Amino acid sequence: MTGLSFDVAHLLAGGLVLASFMLLYQDRLSALVNMFALHAVVLSLSVAWQALIQHAPHLYVTAAIALVFKAMIIPTALHRIIKRLGIHREIENVVGVGPTMLAGIGLVALAMVVMLRVAPGGDRLAGEDLAFALSVVLLGLLIMVTRRNAVSLVIGFMSLENGLVLAATGAKGMPLVVEISVAFSVLIAFIVIGVFLFRIRERFDTVDVSALDRFREARK
Amino acid sequence: MTVIGQTPVELLLGCTAVLFGLSMLSITVGRRLATPLVYGGCLLVCLAGLAIALGHLLGATGGDSTAILPLGLPWVGARFRLDALASVFLVVVNLGAAAASLYAIGYGRHEPEPRRVLPFYPAFLAAMNLVILADDAFSFLVAWEVMSLSSWALVMAHHREADNRRAGYIYLVMASFGALCLLLAFGLLAGPGGGYSFDAMRAQASPPVLSALVLSLVVLGAGSKAGLVPLHVWLPLAHPAAPSHVSALMSGVMTKVAVYAFVRIVFDLLGPPSPWWSLLILTLGGVTTVLGILYALMQTDLKRMLAYSTVENVGIIFIGLGLGLAFKAQHMSWAAALAVTAALFHVFNHSLFKSLLFFGAGAVQGATGERDMERLGGLIGRMPQTALAFLVGCVAISALPPLNGFASEWLAFQAILLSPQLQAPALKIMVPAVGALLALAAALTAAAFVRTYGIAFLGRPRSATAETARETDRWSLAAMFLLATLCLLAGVLPGLVIDALAPAVGGLVGAHMPNQMAQPWLSIVPVAQSRSSYNGLLVLVFITASASLAAFAIHRLASRAVRRAPAWDGGYPEMSPATQYTAGSFAQPIRRVFASIVFRARDEVTMPPPGDLAPARFRLELHDPVWETLYAPIAGAVGYVADRLNHLQFLTIRVYLSLVFLALVGLLLVLAVWI
């Protein structure tokens, strides 16, 4: 039973990493938001599975929060924003897809090496779980770095946060309060960034953040 | 000793609480009422603190009084302790603070913006008390920082002058540097276990390398606050910039709090000293004394001259402490007791006469609006009482008997004369050299104060404001005469002070000087009657008797032969005040001898060609060696690096994100490779 439960947990965590790669690959905004919804669904499945095998009912609440907020409310809101801003056709690529994917693979390898070396004596499976979580965090950061559109920055940030939740639920005994507060902080960040998006749009007629750089007269 | 069911340390903490309360109160009450209320309140509270500390010191037989408040670090709490050493320094602090408050009741009325001074003054006093009471590193550092910041605010009280702003800036930088050094020193003392209470630090023995590091950090941290050369640069800028009663406190009292920090850490917490420690302290002390007084001789600003003289006196104190360390390292505790007593006695004395001199300078500034000696003169006729008190201060600081400065410097010399008994050859050579520096500094001090007094108070007024000066108010005079009386008393009865210091000295070096009040005829005997002794009372009686006799003889024998005639004018029939000796010309011989090398002093006279009616020009050029060789390069380097790093402020959002990302990946790579 333990073997199977860990395998499923691994499958789901690996699925989350795969979803992160799909986020990294997508350069159209609507598809990116859909991918993020998928990302959140995989996360909530993973958390629910952890709740099942750890016999921790409060993790179901976390899974529900992930499902409702991140897989439904936020993607819907983002779709509406995209529609209202009329940027659903926009294609953005700062760095080419190929190098980005290669960098992503490198980051996953780095996460594996670090995690397996940090906890050599510990549970090998738990270490791999943490390595997956760290990969998701690093890939989220990579998305934020390689994108130019403010909406994709938001998505990168949220996928990063998904990685944190994955790490936290993989470890036993994280209190619900922490998860709720994290979820709320993400929600507030989403609201703030959403407001900012519209403010940026109002002022600059675009949500391309390089407009902000031009405004600040960035010195290279 | 318990009064109303409270231990002394609780009472003292109550005093500091009242001081903080006064600080709050000063913001709420009306402008006219605030000045007398705050200073009067501070006076009463400090007198209470003085009484408690003195009572504990005189009645103490090892009964330390402690308190733990539920503040600060959760696993340490805020610990406070009143032991003999702390009570000695509390006496110094509260006596100085009480005198300054008394002075300020009068002086503070002329303050143009009292709201910039009043809230910070009681907080400053309270913080100094707390530093001395603190018994764990956390409370100590917090109190130390409150002390630094409140005194910074007081330095910035007259912030409209650009010089004061610069002084405040340099003070803030140096204070942060000092606090950082102390923080690191305490971190090392606490060790990996994190024992931040002083008890835990005492119990823990540090390896020699660590002790050496802690010593260096404490010299940097406490030395920068006390004004050791080359860390003194902020002191002569910041001390004169504050209002005079605060200058007196900063110079007379706050430097002593820094000395306390040094003594507490090095003598008490750090464990047995190594012989080479004293070499470092003695060298720094010797250089500080001579350079301090040479700087003082070059100044024409009255308050800045006094501030440099503080640097010199801090050097004397550190010489005493260095000798104490040397003797303690060689297990000659009786000799160490003599040296440390000399240092602590000088701490007390300097707080008295430096406060007195700053009060005098403040009175002069209040009466004339001038701090530049070249524009003063003739004040002895216009401010006779201030002049008398200032004279007492000058005589005391010049270490002339029978005043207190002589008693403590004499003790320091007695300790130096014991140096042949030291074993280490380096110290055998070093200590007499330091003694020579001390002697040189003592002579130069006398010259510096003859110059100050002569130029500022004697002669004829060099400016219109000096001519119309009026005597200062009664509160200020009362404070000055109080301190002058104490200077005389401590000089005539040094045995009383030495005996009072005995428990503190005993706690530091394990022995104390022989009981002085038991000596016949109120003499003081450092080691043994056969070696040396000094009797201040006898000297006073002799001076009084011989002076009265001389005056009597002159009046009886000579005044009958009075005849009135024009004074000899030395060939100048038109006497203008400008033909008098000036501060610059008085110092010229010393400048030629010493400062031409140390300060690269050059004076240049440009005479007009014959027949030309243009005035002759005199130009004096001085270089500050410490600033130019040490601080200017550092400031330049920091400026250069800051200019380069400034570009980081104007990057794009994505570059910032990439920097964060790359930093994270870099750290993970380090982790992956390293483990």
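Which residues of α5(B) are buried?

## Helix α5 of chain B

In this predicted model, the buried residues of α5(B) are B:Ala137, B:Ser139, B:Phe140, B:Ala143, B:Trp144, B:Met147, B:Ser148, B:Ser150, B:Ser151, B:Ala153, B:Leu154 and B:Val155. These buried residues pack against several elements of chain B, namely the strand β2 (78-82) and the helices α4 (120-133), α6 (162-190), α9 (235-241) and α10 (244-269).

The helix itself covers residues 137-155 of chain B, 19 residues in total, and it reaches 26 Å from its first C-alpha to its last, which is close to the 27 Å expected at 1.5 Å a residue.

## B:Leu182 and its surroundings

Helix α6 of chain B, one of the elements against which the buried residues of α5(B) pack, contains B:Leu182. This leucine has 25 C-beta neighbours inside 10 Å and therefore counts as buried, the cut-off being 20 or more.

When neighbours within four places in sequence are left aside, B:Leu182 is in contact with B:Leu141, B:Trp144, B:Gly221 and B:Ala261; of these, B:Trp144 is also listed among the buried residues of α5(B). B:Leu182 and B:Val218 are separated by 36 residues in sequence, yet their C-alpha atoms are 5.9 Å apart in space.

## The pairing of α2 and α3 in chain B

Two packed helices are described by the angle between their axes and the distance between the axes. For helix α2 (residues 31-59) and helix α3 (residues 84-107) of chain B, the angle is about 155° and the axes are 8 Å apart. Because angles over 145 degrees count as roughly antiparallel, α2(B) and α3(B) are placed in that class.

The crossing of α2(B) past α3(B) is left-handed, and the residues of their contact divide into 20 nonpolar, 6 polar and no charged.

Chain A has 8 helices and 0 strands. Of its 220 residues, 39% count as buried, and among the contacts in chain A with a separation of 6 or more, 71% are accounted for by residues 24 or more positions apart.

The contact between the chains takes 14 residues from chain A and 16 residues from chain B. On the side of chain A that touches chain B, α4 (97-118), α5 (124-146) and α8 (210-216) each supply at least two residues, with the largest share, 5 residues, coming from α4(A). The residues on this side of chain A divide into 11 nonpolar, no polar and 3 charged.

Key
Residues numbered from 1 in each chain as written. Chains lettered and ligands numbered in written order. Predicted model: local features only at pLDDT ≥ 70, side-chain atom pairs only at ≥ 80, totals over all residues. Axes fitted to C-alpha atoms, helices over the stretch in contact; angles between N-to-C directions. Helix = DSSP H or I, 4+ residues; strand = E, 2+ residues; numbered from the N terminus. Parallel < 35°, antiparallel > 145°, perpendicular 65-115°, else oblique. Left-handed = near helix turned anticlockwise from the far one by under 90°. Nonpolar A, V, L, I, M, F, W, Y, C, P; charged D, E, K, R; others polar. Contact = placed C-beta atoms within 7 Å. Expected span 1.5 Å × (residues − 1). Buried ≥ 20, exposed ≤ 12 C-beta atoms within 10 Å, placed from the backbone.
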